[in-house]
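Please read the following note alongside the model. The points take up its pockets, its helix packing and its aromatic pairs in turn.

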Amino acid sequence: MNTPTRSAVGLAALGTLLVVAYAAWAAFQILVLNPLAAVPGMSVGDVHAAMTAAEQWTGPASVYAPLGVGVLLAVGMFLVVISTGTPAITTVAAYLALLVLGAPGYFWASFGVGMGLADTFNIGGGDHSPWSLPLYAVSLAALVGLAVIGASSLLRRPHSAAALA
């Protein structure tokens, strides 16, 4: 078994923290910011109560469960890094991949609540708050980071005539 480097462990801790922050922001966006923007003039409690009365409230568990998948994967990756000799670049790539997957995770987590808002208040089911944009920006930046890591890895490989044939 290889001993993990301090840099890989530090990067894994940072990556886990970033994934947890992403999930927390996504939950806050879905459960608080978006309902407030979708139904101006009503409190979050009033919005949720109206959705409950209309039998359209899926509850916070429908948001926390899918977002929790990313958190569990991040914690699992942290455990893998501290128990193996995972290289720092592999650690970074793994956490970037989790952040890329945050965008579809956010969509999945927000779908039920968004449709509940749409059906209860006769509005569109998409985001009404602009505060989902930072989530998408982080996922896009992570995708660019993964592409850079992949491209640099390809460029660093030794090229031989036999490998090209």
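How do the residues of the lining of the second largest pocket divide into nonpolar, polar and charged? They divide into eight nonpolar, five polar and one charged, where Ala, Val, Leu, Ile, Met, Phe, Trp, Tyr, Cys and Pro count as nonpolar, Asp, Glu, Lys and Arg as charged, and the others, Gly among them, as polar.

This is a predicted model, in which local features need pLDDT of at least 70 and side-chain atom pairs count only at pLDDT 80 or more, while totals for chains, interfaces and linings use all residues. Residues are numbered from 1 along each chain as its sequence is written, and side-chain values use heavy atoms, with hydrogens and water left out.

1. The second largest pocket holds about 170 Å³ of space. Of the 14 residues that line this pocket, the closest to its centre are Ser110, Phe111, Gly125, Gly126 and Asp127. Two or more lining residues come from each of α1 and α5, and α5 has the largest share, with eight residues. A pocket here is an open set of points on a 1 Å grid over the protein atoms alone, where a 1.4 Å probe fits, with protein on both sides within 12 Å along at least five of seven lines, and lining residues have an atom within 4 Å of a point. Grid points are joined across faces, edges and corners, and the volume is the space filled by probe spheres set on the points.

2. The largest pocket has a volume of about 250 Å³. Among its 17 lining residues, Gly70, Leu98, Leu101, Gly102 and Gly105 are the closest to the centre. At least two lining residues come from each of α1 (6–38), α3 (61–83), α4 (88–100) and α5 (102–121), and α3 gives the most, with six residues. This lining has 14 nonpolar, three polar and no charged residues. The helices are DSSP runs (H or I, at least four residues), numbered from the N terminus.

3. The axes of α3 and α4 come within 11 Å and cross at roughly 175 degrees, the axes being lines fitted to C-alpha atoms over the stretch in contact, with angles from 0 to 180 degrees between N-to-C directions. α3 and α4 are therefore roughly antiparallel to each other, a term used for angles over 145 degrees. In this contact (heavy atoms within 4.5 Å), Leu73, Ala74, Met77, Phe78 and Val81 of α3 meet Thr91, Ala94, Tyr95 and Leu98 of α4. By class, these residues are eight nonpolar, one polar and no charged.

4. α1 and α4 pack at an angle of about 5 degrees, with their axes 9 Å apart, and are therefore roughly parallel to each other, that is, under 35 degrees. Residues of α1 including Leu11, Gly15 and Tyr22 take part in the contact, as do residues of α4 including Val92, Tyr95 and Leu99.

5. The axes of α1 and α2 (residues 44–53) come within 9 Å and cross at roughly 90 degrees, which makes α1 roughly perpendicular to α2, the range for that term being 65 to 115 degrees. Leu31, Val32, Pro35 and Leu36 of α1 make the contact with Val44, Val47 and His48 of α2.

6. The structure holds four aromatic pairs. The ring centres of Trp25 and Phe28 are 5.9 Å apart and their planes lie at 50 degrees, so this pair is tilted. Rings of Phe, Tyr and Trp (its six-membered ring) pair if their centres lie within 6.5 Å, with planes under 30 degrees apart counted as stacked, over 60 as edge-to-face and the rest as tilted. Trp25 and Phe28 both lie in α1, three residues apart, about one turn of the helix.
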